[in-house]
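Please open the model in a viewer and keep the selection panel at hand.

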Amino acid sequence: MIAVLGLVVGVVVGLVVRPVVPTVVEPYLPIAVVAALDAVFGGFRAMLDGIFDDKVFVVSFLSNVVVAALIVFLGDKLGVGAQLSTGVVVVLGIRIFSNAAAIRRHVFRA
Amino acid sequence: MSSGREPMTTDQTPAEPGKPTDETLSGPAEGAVDGPEDAGESAEAAQPFTGRQRLVNGLWPPRLTRAQLIVALLLFGLGLGLAIQVRSTNESSVLRGARQEDLVRILDELDNRTERLHEEKQRLEKQQTELENSSDQAEEARKQTAQKERQLAVLAGTVAAQGPGITMKIDASGSAVESDMLLDAVQELRAAGAEAIQIGKVRVIASTYFSDVGGAVEIDGRKVTQPYVIKVIGKPEDLEPALNIPGGVVQSLEKEQATVSIERSEKIVVDALRSAKRPDYARSSSR
């Protein structure tokens, strides 16, 4: 419950405060958000499976974000930033879908 | 996994293991998808709760545990990033989130567009100059046409004219001055460069004709009474000698006992007018 509250508060604060994102971080924000979403879905599914562990979640969340940003950074340096970020988004999207399917099976039993 | 294999390998209990195999197969299959991030193998997996029960337990009642707080913190960060990204994508232009190569491409396109527009501007400016020139030329042509029209109007006698010239008075009372004498005078004046001629109240133009009707002279069908006053616009220094040359108009007239007086003037007004006749058949061959 508190976790859900945290998400809601984060969205509200982001919309109200309008924080200025540093230019250096700006290109990596969208991909990091997608990676974090993937981690959150994974964590949610683990919770439904009953195997949730907060340490694992924290590590996976942070490493997901860092790795995604790193891949994009590397892609930019190699000149294939657009393609590589597309690839990352596709992979993360597939993972989100499979996790969402598992969550659906748990919640709706279907 | 080992518990799942047993029923498969042993095949001795066909009815019962059917269901367990499905469940056990689907169980590990989902577990394999878990990925590294949520593979927290805790002992709770063995508990008999279903996923739905765990969800309800997790949501209500709210517990202030360390795990909840940490997850809330991370989700706060996620929500923040989400909101920022959505807002920046929505509110600002496409350029804000664009990548470097996209920006370069957009810049190139803008440069190309600027170049094209510049070329078009130059083309249009050239066209404008041409049009201005041509309109200047048209204006000039119009002016010339108007001037020519005025000159022709003076010749055709449709407008009054004034300028330097002479006034010639022929007093031929009791003498036989006939139309041919006047015609000679007019032709002599024209040869000397007369530009507008008026005899009495009649303007002399190209189609003017002279006739004798019962001892009087008619010009263009209008009777002209004596003394004949001929107003001529032209260069006086040319007109007067032309009339006075030996054997010329003046001498011929004086031979007929007519008195001729010629008077130079700096301002002669030829104000007898005639309406312009539109020719029925002749058309201008120039455009």
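Predicted model: local features only at pLDDT ≥ 70, side-chain atom pairs only at ≥ 80, totals over all residues.

Residues are numbered from 1 along each chain as its sequence is written, and chains are lettered from A and ligands numbered from 1 in the order in which they are written.

**Stop 1: chain A**

Chain A holds 4 helices and 0 strands, where helices (H or I, at least four residues) and strands (E, at least two) are DSSP runs numbered from the N terminus. Read from the N terminus, the order of elements is α-α-α-α. Chain A has 110 residues, of which 42% count as buried. A residue is buried if 20 or more other C-beta atoms lie within 10 Å of its own, exposed if 12 or fewer, and partly exposed in between, with C-beta atoms placed from the backbone.

Next, select residues 29-48, 55-74 and 80-103 of chain A, to which UniProt, in an unreviewed entry, assigns the feature "transmembrane region". UniProt positions are given in the numbering used here, feature names are shortened, and such annotations may be inferred rather than shown by experiment. Residues 55-74 of chain A are 100% helix and 0% strand, with 28 Å between the end C-alpha atoms. For residues 80-103 of chain A, the end C-alpha atoms are 34 Å apart, and the span is 96% helix and 0% strand.

**Stop 2: where the chains meet**

Now show both chains. How many residues of chain B are in contact with chain A? There are 49, and they touch 51 residues of chain A; two residues are in contact if their C-beta atoms, placed from the backbone, lie within 7 Å. On the chain B side, the elements that give two or more residues are H2 (18-33), H3 (51-59), H4 (66-91) and H5 (100-156). H4(B) provides the largest share, 21 residues.

**Stop 3: helix H5 of chain B**

Select residues 100-156 of chain B, which form helix H5. H5(B) has 57 residues and spans 81 Å from its first C-alpha to its last, close to the 84 Å expected at 1.5 Å a residue. The expected span is 1.5 Å times one less than the number of residues. Is H5(B) well covered or hardly covered? H5(B) is hardly covered, with 0 buried residues among its 57. Gly157(B) follows H5(B) and has a positive phi, near 80 degrees.

**Stop 4: the strands of chain B**

Select E1 (residues 161-171) and E8 (residues 259-270) of chain B, which pair in the antiparallel sense over 10 bridges. Two strands pair if DSSP finds at least two bridges between them. Within this pairing, Lys169(B) stands opposite Ser261(B).

Finally, select E4, E5 and E6 of chain B, three strands that form an open antiparallel sheet in the order E4-E5-E6. E4 (210-213) and E6 (222-224) of chain B are the edge strands, each pairing on one side only. Between E5 (residues 216-219) and E6 of chain B there are 3 bridges, and Glu218(B) has Lys223(B) as its bridge partner.
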